[in-house]
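User: I have a fold open on screen and want to learn how to read it. Can you take me through the features one at a time?

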Amino acid sequence: MRKPFLECGKIVSTHGIAGEVRVQPWCDSPQDLEGIRTLYFDRGATPVGVLRARAHKNVVLLKLEGVDTVEAAQALRGRVLWAAREDIPLEEGEYFVQDLLGMEVFDADTGRKYGMLTDVSETGANDVYHITFPDGAVRLIPVIDEVVLSTDPDQNRMEIRPLKGLFDDED
């Protein structure tokens, strides 16, 4: 089941004296948070209005409703912000990392279960999925069309065709 709220960043410090906060975004780009008008604390339980949001270098500067002093902003330091899934549009074939984590990974040709997707690394050229096998070994696969053939978060299933030599137990 897809989560209705997604972690989108963490308040790391204050900015200025009017209650703005600096947010370390956990999105593809800091600009992804600029258009969201409501964020949430407490895993989505506590909404907070966003009066202003602007990307600044690798952080997002937010002005939140009711946070008007540096002291009020400082009290939020370390808090995780959540966004409603419907407020973050995705293109066809794009997925939230949080929907991929925990997905079972199978061989597209044999049906063999390799393990579980446990992490995603961004490398610049393409992402890399970390697959944890039942024996605890972690193997890495490039996220390219030739390897990742299907991804179905609703079924918690991914099918891959590893390149020759990608996994130690292949010929």
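User: Let's start with pairing. How many bridges join strand β2 to β5, and in which sense do they pair?

Analyst: Strands of a sheet pair through backbone hydrogen bonds, either parallel or antiparallel. This is a predicted model, so read each pairing as part of a prediction. Here β2 (residues 20-25) and β5 pair in the antiparallel sense, over three bridges. For a landmark, find Val-21: its bridge partner in β5 is Leu-62.

User: Which residue of β5 does His-56 stand opposite?

Analyst: Val-59. That takes you to β4 (residues 46-56), which runs antiparallel to β5 and is joined to β5 by six bridges. The two strands form a hairpin with two residues between them. Check Lys-57 in the turn: its phi is positive, about 60 degrees.

User: How many residues of β5 are buried?

Analyst: For burial, look at relative accessible area; under 20% counts as buried. In β5 (residues 59-64), six of the six residues are buried, so the strand is largely enclosed by the rest of the structure. Now look at the directions. Val-59, Leu-61 and Lys-63 point one way. Val-60, Leu-62 and Leu-64 point the other way. Both sets are buried, and Lys-63 is included.

User: Which residues touch the most other members of the largest nonpolar core?

Analyst: To read a core, look for buried nonpolar residues joined through their side chains. The largest one has 22 residues. Ile-11, Val-23, Leu-39, Leu-62, Leu-64 and Leu-81 touch the most other members. As for the strands, β1 (5-15), β2, β3 (38-41), β4, β5 and β6 (80-84) each supply at least two residues of this core. Another core, of 15 residues, lies apart from it; Met-103, Val-105, Val-147 and Val-148 are among its members.

User: What does Leu-64 touch?

Analyst: Leave out residues up to four places away in sequence. Leu-64 then touches Ile-11, Val-21, Phe-41, Val-48, Gly-49, Val-50, Leu-51 and Leu-76.

User: Next, charges. How many salt bridges are found in the whole structure?

Analyst: Eight. To read one, look for a Lys or Arg side-chain nitrogen within 4 Å of an Asp or Glu carboxyl oxygen. Take Arg-54 and Glu-20, whose side chains meet at 2.8 Å, N to O. Arg-54 lies in strand β4 and Glu-20 in strand β2, so the pair ties together parts that are 34 residues apart in sequence. Arg-54 is partly exposed, at 35% relative accessible area. Glu-20 counts as buried, at 8%.

User: With which residue does Glu-159 form a salt bridge?

Analyst: With Arg-157; the closest N and O atoms are 3.1 Å apart. Glu-159 counts as partly exposed, at 23% relative accessibility. Arg-157 is partly exposed too, at 30%. Salt bridges can also share partners: Glu-20, Arg-52 and Arg-54 are joined into one network that way.

User: What is the strand order in the open sheet of six strands?

Analyst: The order is β10-β9-β8-β7-β12-β11, with mixed pairing. Then find the edges. β10 (138-142) and β11 (148-152) each have a single partner strand, so one side of each is left without a neighbour in the sheet. On average, neighbouring strands of this sheet are turned by 35 degrees against each other, direction ignored. Ser-150 stands opposite Glu-159 in β12.

User: Where is Gly-124 found, and is it buried or exposed?

Analyst: Gly-124 is in the loop between β8 (113-122) and β9 (127-132). It is exposed, at 73% relative accessible area. Gly-124 and Ile-160 are 36 residues apart in sequence and 21 Å apart in space, C-alpha to C-alpha.

Notes: Residues numbered from 1 in each chain as written. Predicted model: local features only at pLDDT ≥ 70, side-chain atom pairs only at ≥ 80, totals over all residues. Heavy atoms only, no water. Helix = DSSP H or I, 4+ residues; strand = E, 2+ residues; numbered from the N terminus. Buried < 20%, exposed > 50% of the residue type's maximum accessible area, 1.4 Å probe, protein only. Pairing = 2+ DSSP bridges. Core = buried A, V, L, I, M, F, W, Y, C linked by side-chain atoms within 4.5 Å. Contact = heavy atoms within 4.5 Å. Axes fitted to C-alpha atoms, helices over the stretch in contact; angles between N-to-C directions.
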